[in-house]
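Open the model in your viewer and keep the selection tool at hand. We will go from stop to stop, and at each one you select something and look.

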Amino acid sequence: MKKMITLNVNDREYDLVIPVNRTLTQVLRENLKLTGTKQGCGVGDCGSCTILMDGRPVNSCLVLAAEAEGHKIETIEGLSEEGQLHPLQQAFVEHGSIQCGFCSPGMILSAKALLDKNPSPGETEIREAISGNLCRCTGYQKIVDAIQSVAKKV
Amino acid sequence: MLLPKFDYHAPTTIDEACSMLGHYGAKAKILAGGTDLLVHMKKRLLSPEQIISLNKIEGLKEAFSQNGTGLVLGPLSTAAYLADSRLIQERISVLAQGASRLGSPLIRNRATVGGNLITARPASDLAPPLLVLSAKVTLKGPRGERTLPLEDFFLGPGQTAVQADEILTKILIPNIQGISAGAYIKLGTRKALEISLVNTACFLELAQDGSIKLARVALGAVAPIPLLTPSVSKILAGVKPKNMDDPVFREAARAAAQESKPITDHRGSADYRRYMVEILTWRTLKNAYSQLMEKV
Amino acid sequence: MNSYSVINSRAPRLDAPDKATGRAFYTDDLYFPNMLYGALLQSPLAHARILNIDISRAKRLPGVKSVVTAKDVQIIRYGVSPARYDETILAVDKVRYVGDEVAAVAAVDWETAQEALGLIQVDYEELPAVFDPFEAMTEGAPQIHDAYTRNICAEVHQEFGNVEAAFEQCDLIHEHRFVNKRQDAAFLEPNNAVAVYDQLGYLTLYTSTQVPHYVQRTVSMVLKIPIGRVRVVKPYVGGGFGPKASASTLELAACLLSIKTHRPVKLHFNREQVFLHSRARHQFFHTFKTGVKKDGTLLALHNTCILEGGAYSSFGIATVYYAGSLLGGPYKLPHMKYDGFRVYTNRPACGAQRGHGGVAARAGFEQQLDIIAEKLGIDPVELRLKNIMEAGDTTCNELNMSSLGMKECIEAIRDHSDWKQKKGRLPKGKGIGLACGFFVSGAGYPIYRSDTYHATVVVKISEDGGTVQLQTGSAEIGQGSDTAFAMIAAEALGVRYEDVRVVSGDTDLSVDLGAYSSRQTLMTGYAAKDAAEDAKCQILEVLSEALNVPVEKISVRNGLVFFEGATPDYMPIRLAYIKEHRGWPYDDRPHDDHLTFKEAARLAYLKRGTIVGTGKYKPPKLGGSFRGAAVGTSPAYGCSAMIAEVSVDLETGEVTVEKVTDAHDCGLAINRTSVEGQMEGSVAMGLGEALFEEVKFNDQGQIINASLGEYKIPTALDVPPVQSIIIESNEPNGPYGAKEVGEGAIMPTIPAILNAVYDATGVRITELPITSERIWRALKEKK
């Protein structure tokens, strides 16, 4: 079964005809070629596919693309404008928070959702907010540092 | 991992959803948050031909007070909503606590209370808090609506009293009269993204004279279903503990351990789980009682 | 502190902006026109004979373009070590574990490829399987490979000094058994491969690998294509940690399917398949018997180890050697005996993972040192300091510590953690523990016997002289190697870091053995420095001639040229340069006060054509002449020490690591931020192994926790703040004195936690992971 849907991704409307069993991760990556959203497990265990849905971070691998219709979807590609990095992206670069980079898009989006809700979180709140985003490289220290540095600026 | 093929429906009213479900019966599955259903489908544990999504139906996502009789939770209230809602935190904090420990922040933004109950995992984070709050569930089907206590809802792992053509439409939490408090503790391996090895929820209500009017303890992951423990209620009813260290709480905790029916699996052994029931129950009771003492 | 302009600083990584914005390409992000999608059929049985494979129905499915089995290829065995080539692209007559690959399909989309798998009919004759290495070694156990009786894949017996005689001199001998669990590397990017076979017969393989070079050789050997016609490209890789350090069926099958169909073919492992492919840390069953004098002087160690290896060798021969050789240091140990056995079982093959072969050995041995310290009444810090090796020392198994800041590491963590105030003085349930470790900074020998260079690097200067391109086949897999090489090249050339562009991970660019054994900073870094110096030398020669100034009197720093003594008249060079850029914007004008490197490099180009510097690295002959002496050799060794502070819930057994103080000697730190990143990442991975991680099986040989939900790696809430202290020794064999950090840093983590847990609880846990239940049980037994 196919369905025609309109997705609002990074403030742009896309009209798509997709099989209804496609997840949002698949449609972002394969139809829209927004490959910044990563697929690490497909079952909500790792957070690599994190996107923002109406400002809230969710595992896009567990959202049917058809169910994303009518919601505002934000991916990592929507964060920087004309090459200007978002303050969180800049902080991740400066603090050495990125190693292999596979968790980074999701991690940054979870951090953004946190700061949008709570501009000056403590360390525990930061760790809590990114606890659904696994990172195997960094030990999280420099990720927490980066988020904290942006929180302070706010 | 690919999803199997299915047809997708997004009705806009409960009645429409009910009639679709009546039409397709066991061939259909209701989609709420999808954090369990879609995983099961990707793993080919389930391959429903029809998916009926409730997400386009208005008004199922919130909790509200119902004319003085209690709280109503919409079945699509997410775990994040339950954890963060001022109403839930103030009125029934034990549920907020349970919700805040479910999965991860990402999962909590999608997982719904209705879906969590329907999935009927023995390790559910929401069922024990709802059990101690004496929650009831309303099911709607072609034969009309029925409401049953949550303790009669769970039949086994993944098994509930819901018929193939019924939809869970409401969760009701009766009003609490006196001073009350609850607590939830989850024991897992890591501190997030975790399935309970054991979890316990408790709820205490005080009578005017300071004695315990009502005590309820429910356990997760130590029986085929989330388990309410009547023996604990019996031991504590009418008791006036000296303080939170009163031995009666340990006695009640021991009774909870007696009532649990843990199994040994790769996550943990039965004897460890049983002892953890005692420790965690004891801790939740002490925690709830100390909250009560602060409120008095 | 020092006179470096670029290195030893905190440069932002070259790859970070692309990775932060989602622009960085990983293999799965590549799409080619007319690309096909593949899938692998894997064995549902742990051990079975293949009687027949019927692919006819699968082939008939519309959209299926190719179905291959072992019958479609000439069988050429491959693996990691040529001495144990025991794998084939697809199973030939037997399957040896649940997940062993039997057939491969290419189709027009993922769904069709998956559907086709279901149409392949395989008739199996199930054979008895064996999962336990001890059982596998008994007479009459099911034999997994015909050539290896009692399933012994590799066996090591070494003795240095005379252990029995030394034990007689000892005042205390302690023996204990230590067991870790089979790990999964749990890198976040599942393995992916895209093969593109073109009309001229050239094959390009894009793959998430740590070792483009070894993959190229394996593809060439197995598919019989000359090396020059096989190009392996590694896009960005989402972590490797060891299991991506050899060629896999995934890669070979993608190539095979592309050759068959003449179309690009993409294949990937889903998360469960990553677990099934495995190649991660073995389970080691160690017994340590250590003898000491009563003043704490270490005299002798007898180490025995059984490794559960799984169905194929993978890195196993090296692993079984490492499990012995890496206890030769960092303590003076005159007598050491090692008996090791790596055993085949009907489980996925184990291979190398961060700290290859040495992590479990180190964990158990450092625990034993604490037991001994307690028995002797000596502070664990003092016991270690008493026996510590120093730079210039050689271990009993002939590993030379050309630099070693071990003592400085121990002292640093002792002082920064307030050890003296805490050790033995914490309340019950709180504990502090320490451990040390060291690791190779690049294997002394390649995996196949060869005189090959381990790294070659090309440095090419753009024609205008303004941009340096560094070309290397090395593998940036997240550790930051590209950035380190850019910094080294910038330092060596005297240009700004921003003016160096690195192109890497492509076998067309240079020969490089890749990212394993913590080798790239030292080896590729050395070649990068060599190449940059070569290019610089060529440029300065031209400049010297033009200005009539001896080369020795010219230096370059931050892109500017400096002259010793009087500055010659360089205006003719400048005028020529400006003339060549007539009409160019103001910003492009060279520096007011100095001749620039750019002008000099332009001049060199005009005189000599494109300026290309080449560099290379090959270690000198290392190690002893005994059997297996090569494993453990390295031009240098990194070392580290760590203190963990834990709290243990004495009723539930839950362990929380509260704080970590970590020190690592990496020689000279090229990029200080990256060094800390490796240290912190090592702590997290070690913490996971210590507390949570274990691949679990049922009695059919199926993995029961093949997901990141059930195989538990630490979340942000599980890892404590880490204080990272960089200790800098000057490594004579490394570029600018640099050596490894990526793997040595994990060595002390597990034992430091184990020792802290003992301090908190009074119970010794000798089996990983330290689950709450294990502690609860130990506490109960103690009562």
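Select C:Arg23 and C:Asp18. They form a salt bridge, with the closest N and O atoms 3.6 Å apart. A salt bridge here is a side-chain nitrogen of Lys or Arg within 4 Å of a carboxyl oxygen of Asp or Glu. C:Arg23 counts as exposed, at 60% relative accessibility. C:Asp18 is partly exposed, at 31%. The cut-offs: buried is under 20% relative accessible area, exposed is over 50%, and partly exposed is in between (1.4 Å probe, protein chains only).

A note before you go on: this is a predicted model, where local features need pLDDT of at least 70, side-chain atom pairs count only at pLDDT 80 or more, and totals for chains, interfaces and linings use all residues. Residues are numbered from 1 along each chain as its sequence is written, chains are lettered from A and ligands numbered from 1 in the order in which they are written, and side-chain values use heavy atoms, leaving out hydrogens and water.

Next, pick C:Lys407 and C:Glu411. Their side chains meet in a salt bridge of 3.5 Å, N to O. Both sit in helix 12 (residues 406–417) of chain C, four residues apart, so about one helical turn separates them. Helices are DSSP runs (H or I, at least four residues), numbered from the N terminus. C:Lys407 is partly exposed at 35%, and so is C:Glu411 at 23%.

Now select C:Glu676 and A:Lys142. What do their side chains meet in? A salt bridge, 2.6 Å from N to O. C:Glu676 lies in helix 18 (residues 672–691) of chain C and A:Lys142 in helix 5 (residues 141–153) of chain A, so the pair joins two chains. C:Glu676 is buried at 12%. A:Lys142 is buried too, at 6%.

For a network of salt bridges, select A:Arg29, A:Lys38, C:Asp28, C:Asp29 and C:Lys266. Over all chains, the whole structure has 70 salt bridges.

Move to helix 2 (residues 87–94) of chain A. Its buried residues include A:Leu88, A:Phe92 and A:Val93. Just after this helix, A:Gly96 takes a positive phi of about 70°.

Last stop: B:Met293, in helix 11 (residues 270–295) of chain B. B:Met293 is partly exposed, at 36% relative accessibility.
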